[in-house]
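Subject: Structure handover and notes

Dear colleague,

Please find below the structure that I promised to pass on. My notes follow it, with the cut-offs spelled out where each term comes up.

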Amino acid sequence: MSLLGTILAEKLDNGKGHLKGPLVSRQKLFVPSITLERASAIPLQRQIYGQIAQAIRDGAIPGGVRLPSSRVLARLLGVSRNTVLAAFDDLAADDLLRGEKGAGMRVQGGAVVPEVTWLGLKQVIRASGYPAKVVALADPDGNPIYLRY
């Protein structure tokens with residue numbers, strides 16, 4: 001388990017000795033980087049809203065990814081779940097997030113995560129002209145030898 005997975009698993013300890021599991025194993029889950037200033041005059045809910053909204057608009061949070069649940073994000077930030085829910089509601093009202101039943105909140109806008117396919121990678125390599133030519137040979141034992149020129 002990675003260091004991030006260990007930290008998240010420790011944060012998700014439910015007090016009964018059971019772990020709900022690391023969040024990093026789920027596909028397309030994005031944990032936004034949020035820094036709260038508790039002494040600020042700006043409410044925590046608005047700070048969370050502002051930082052997530054700015055990250056979505058800047059493309060730092062890709063479109064289509066799932067954010068952590070309100071409970072998990074509240075635990076990670078050390079705030080009330082209602083604070084996170086209020087921020088999520090404001091983000092949904094601005095069409096930056098959409099709620100999916102049983103799937104949490106997904107980013108509505110933002111940059112699209114490009115799908116990397118083998119065909120696309122081959123086209124990039126061919127367009128770059130590297131290598132110019134390749135000749136495949138075999139040594140007496142049948143091992144392949146590639147000559148690039």
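Contact, as used throughout, means heavy atoms within 4.5 Å. On that basis, among contacts in the protein between residues at least 6 apart in sequence, 49% join residues at least 24 apart.

Please keep in mind that this is a predicted model, in which local features need pLDDT of at least 70 and side-chain atom pairs count only at pLDDT 80 or more, while totals for chains, interfaces and linings use all residues. Residues are numbered from 1 along each chain as its sequence is written, and side-chain values use heavy atoms, with hydrogens and water left out.

Overall picture

The protein has 5 helices and 4 strands, where helices (H or I, at least four residues) and strands (E, at least two) are DSSP runs numbered from the N terminus. Read from that end, the order of the elements is α-α-α-α-β-β-α-β-β. Of the 149 residues in the protein, 28% are buried, a class that means under 20% relative accessible area, with exposed meaning over 50% and partly exposed lying in between (1.4 Å probe, protein chains only). The accessible surface comes to about 10,100 Å², and carbon and sulfur atoms account for 55% of it; these areas come from the Shrake-Rupley method with a 1.4 Å probe, and for residues only the protein chains shown count as cover.

Helix H2 covers residues 44–58, and its 15 residues reach 21 Å from first C-alpha to last, close to the 21 Å expected at 1.5 Å a residue (the expected span being 1.5 Å times one less than the number of residues). Its buried residues, among them Ile48, Tyr49, Ile52 and Ile56, pack against helix H3 (70–77), helix H4 (81–93), strand S1 (97–100) and strand S2 (104–107). After the helix comes glycine 59, which has a positive phi near 90°.

The structure holds 1 salt bridge, that is, a side-chain nitrogen of Lys or Arg within 4 Å of a carboxyl oxygen of Asp or Glu. Arginine 46 forms it with aspartate 90, and the closest N and O atoms are 3.3 Å apart. Because arginine 46 lies in helix H2 and aspartate 90 in helix H4, the pair ties together parts that are 44 residues apart in sequence. Arginine 46 is partly exposed at 37% relative accessible area, and aspartate 90 is partly exposed at 27%.

Glutamine 45, also found in helix H2, is buried at 17% relative accessibility. Its side chain makes a polar contact of 2.4 Å with the side chain of aspartate 90, a polar contact being a pair of N or O atoms within 3.5 Å, where within protein one must be able to donate a hydrogen and the other to accept it, and residues adjacent in sequence count only if both atoms are side-chain atoms.

Valine 134 stands opposite arginine 148 in S4. Between the strands lie 5 residues, and glycine 142 takes a positive phi near 95° in this hairpin. Asparagine 143, in the loop between S3 and S4, is partly exposed at 41%.

Best regards

Conventions:
Two strands pair if DSSP finds at least two bridges between them.
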